[in-house]
Amino acid sequence: MENKKKKRMILFRILTVLALIAIAGVMFIIGRGHTVYFDSKAVTYEGTTVEAPYKIEVYVKGERVAKLYEGERGMAGWMGQNFNMELEITAEKGGDSVRQAVSMTLPYNMDGIILNIPALLKGLPEQAYLSEFIPAAVEEEATEEVITDEFGITDEPGGGAEEPAP
Amino acid sequence: MNKNKVSTKPSRSIGELLRDNSVPLMFILICAVCIPLSGFSPSYLLDEIITRMGRNVFLILSLLIPIMAGMGLNFGMTLGAMAGEIGLILASDWQIVGIPGMVLAMIISIPISMFLGFVCGTILNMAKGREMVTSYIISYFINGIYQLVVLYLMGSIIPIIHNSIKLPRGYGIRNTVSLLEMRQKLDNLIPLTIGGVKIPVATFIVIGLLCVFIIWFSKTKLGQDMRAVGQDMQVAKDAGINVEKTRIISIIISTVLAGFGMVIYLQNMGNLATYSAHSQIGMFCIAALLVGGASVDKASIGNVFLGVILFHLMFIVAPTAGAKITGDSMIGEYFRVFVSYAVITVALVMYETKKRKAKSRAGEQLAADQAAEEELSEEQ
């Protein structure tokens, strides 16, 4: 009886650990954050040149995140791999705009993703419209602003405003 | 004689009631004076209080279970806070954002909190009767290890990919980790605004679930064991309860809950002060609980809510009121920090005085009983 109870307890613990690992795994998939950059630039791919339209407005989750004229870049944050946006494209100045929904799968391993909208709209292959955004190395350290409430009051070692010396 | 007893009882009970609730009453008085002086509108104060309740209540609730087990105020909750911070640093580096990032950070914090809680509980078992000061010192000791891990091991042994988190030298974590992608995601999950006051519904649901858990837990066998251990360890031991194990479990639960609480707290702030966010958290949570009328050996969910309201109300209004009275806002700033420490001191002194009084009263009673017995035997 005692042995059975012990076995059940061990089983319960193992199941709890497995459930937590499974939840963590799901969080990894559904919670992956990306910064998506939208470029409205002319692109040349295998000899084909695609011109940028006069104006592109990008809507993500119903909210306008970018209004791009030729050569401009916008950005939006996104969680997960299935990216959806709506584009409002005005081909020429004074012309009518066309609204188009775009869905795509974002690569998991990229934090920042650059989408070339004209190439995407033209239906060119992925390598033509999608590339990784690699932030430029910053030499100077920007001043870090720490937002705290009263709990942040401290004279703790390492808690000062300065970075620890390298 | 009997008549005399009846007439003195009500006045004594009022006196005791006032004495028992002197800390909350003192804070009510401070707030009553400071609120009009500060000039803040009721809606502003309500908004601030609700935000701070969502931010802090979970953390403070984590203190209840060790009190139930007679281990006093768990200054070791800082250990759980550190575990929560490590979870958030890793989740941020892996770019897991929003609610999933929070959940992942909580899951990462669980084994760390459990281990630290086990270590803390084991040490506290070796220092029975001196749990509070021991847990306070343990928090400093573990803080040193935390700093070693975060400052030297992260980036060199523990992989950290992103330069936005890493120090420029290539290892160690920056002073501030941005949690912008997690900021108030839980608070805003179910948006509700009443009369300009934003209510973090989802956070309150989580807090409500924890309250239900605590109530349920106190009725389980383990919860009853904890109560028994809290009342008298020797009696509990004689009743067949594994006192040491029960005490360790209470600290582990508290540490794990503190880890979760820290994640909730920091998602509200939107950034993580890597080396200092946890340092004062135990002190302020304990102060808030004591302000709510709790004591070292007795605390309830009601004390938590009342404490957060009164303590944070004082925190909000004190600087402005101080500036109005003295012309210097720093006076109010110092005042509220001073009050935090003072309230803990007062509560500890009151607890000790009460304990001594109870002891001497019991001694007097025993002496009286013995005298009566002797008198009776002499008469016979």
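**View 1. B:Gln184, a partly exposed residue in a loop.** B:Gln184 counts as partly exposed, because 18 other C-beta atoms sit within 10 Å. (Buried means that 20 or more other C-beta atoms lie within 10 Å of a residue's own, exposed means 12 or fewer, and partly exposed is in between; C-beta atoms are placed from the backbone.) You'll find B:Gln184 in the loop between strand S1 (176-178) and strand S2 (193-194) of chain B. Helices (H or I, at least four residues) and strands (E, at least two) are DSSP runs, numbered from the N terminus. Phi of B:Gln184 is near 55°, a positive value in a residue other than glycine.

A quick word on what you're looking at: this is a predicted model, where local features need pLDDT of at least 70, side-chain atom pairs count only at pLDDT 80 or more, and totals for chains, interfaces and linings use all residues. Residues are numbered from 1 along each chain as its sequence is written, while chains are lettered from A and ligands numbered from 1 in the order in which they are written.

**View 2. B:Gln95, in the loop between H5 and H6 of chain B.** Is B:Gln95 buried or exposed? B:Gln95 is buried, because 21 other C-beta atoms lie within 10 Å. Its phi is near 60°, again a positive value for a residue that isn't glycine. Helix H5 of chain B covers 77-93.

**View 3. H6 and H11 of chain B crossing each other.** Helix H6 (residues 98-126) and helix H11 (residues 243-269) of chain B have axes that come within 7 Å and cross at roughly 145°. (Axes are lines fitted to C-alpha atoms, for helices over the stretch in contact, and angles run from 0 to 180 degrees between N-to-C directions.) What kinds of residue make up the contact of H6(B) with H11(B)? There are 15 nonpolar, ten polar and two charged. Here Ala, Val, Leu, Ile, Met, Phe, Trp, Tyr, Cys and Pro count as nonpolar, Asp, Glu, Lys and Arg as charged, and the others, Gly among them, as polar.

**View 4. H11(B) and the glycine just after it.** Of the 27 residues in H11(B), 24 are buried, so the helix is largely enclosed by the rest of the structure. (The expected span is 1.5 Å times one less than the number of residues.) Just past H11(B), B:Gly270 takes a positive phi of about 90°.
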